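Hi everyone, thanks for coming.

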Amino acid sequence: MSLLLLQPVFRGFIALALSGAAFPLCGVLVLRLDLIPLRYMLMHGVILGGALALALNVPLVPAIIFINCILVLMMIFLNKTHSSFSAPSAAIMVLSMALASLIMHVKDVPAKDTLSILWGSPFALTVTNVIILAVAAVLLVLYISLNYKNILPIFFSRDIAVAMGIKVRLHETVMIFIVAITIALAMQLLGAFLIDTLLILPVLCAETLMHLTKNQRGIKKLFIFSSVLGFIFSTGGFILALKFDFPPAATIALTTGALYAILLLFNRRKKS
């Protein structure tokens, strides 16, 4: 508890509490819309945005968000001729990495400086960084809360959603942009390793837990369970890291992954 009195540690705790509670909501969107390939494209977009920011000496976060928004627009445009986002996101991922490599070569940007962007630390966050994460978390919660009745039919069936008069293309585009901005921000501030843990694993744990308790129906419950588990994993893992002097990202990932493995074993045993 005495460590939490230190400002960098306290800021890291608040940031992880906010991220753990809110970002699994984004993870539900990623899994339900099959946007896993988008995450890898955005990682390369962070590298491209970082290379561009270092080369032009401009602020890092706005450059990363701008680049990732451009990449998402390209992916949505290319997706008009594809049944999923896998093919266009893979093509854009390769293109963005090639551009990043070219910029680093022409402008003499050290590769280690660009790649270090992917490994943020909760102890290195400033007050401004925490505020940015808080705003992103609030906007994410507000969008899902206000548009839940439109999101649910899209998750179930795009054809039924269109028949209901829902603007499916618009909502899918907005959700993709929310996912893109959330991942871009969190990846730069918290690191690629930690955002993977907070984004996907709590949702997988929530789905497995709901199945074990025979409560597997209901997207609303999935949102709630994922948020609660994400908050528990992030804050609990952070406190364990402080207690045993471990890296926070690795501790949170290991505890979350271990619990998911245990839930899977229980689920398999129950089925057998």
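**Aromatic ring pairs**

Let's start with a cluster: ring pairs join Phe13, Phe123 and Phe238. By pairs I mean rings of Phe, Tyr and Trp (its six-membered ring) with centres within 6.5 Å; planes under 30 degrees apart are stacked, over 60 edge-to-face, and the rest tilted.

Before going on, this is a predicted model, where local features need pLDDT of at least 70 and side-chain atom pairs count only at pLDDT 80 or more, while totals for chains, interfaces and linings use all residues. Residues are numbered from 1 along each chain as its sequence is written, and side-chain values use heavy atoms, leaving out hydrogens and water.

How many aromatic pairs does the structure hold? There are 3 aromatic pairs. In one of them, the ring centres of Phe123 and Phe238 are 5.8 Å apart with planes at 50°, so this pair is tilted. Phe123 sits in the loop between helix 5 (111-115) and helix 6 (127-146), and Phe238 in helix 12 (residues 219-244), so the pair ties together parts 115 residues apart in sequence. Helices here are DSSP runs (H or I, at least four residues), numbered from the N terminus.

Buried or exposed? Phe238, at 0% relative accessibility, counts as buried, and Phe123, at 32%, as partly exposed. The cut-offs are under 20% relative accessible area for buried, over 50% for exposed, and partly exposed in between (1.4 Å probe, protein chains only).

Now to Phe244 and Phe246: their ring centres are 5.9 Å apart and their planes at 25°, so that pair is stacked. Phe244 is partly exposed at 47%, and Phe246 is partly exposed at 46%.

Methods
Helix = DSSP H or I, 4+ residues; strand = E, 2+ residues; numbered from the N terminus.
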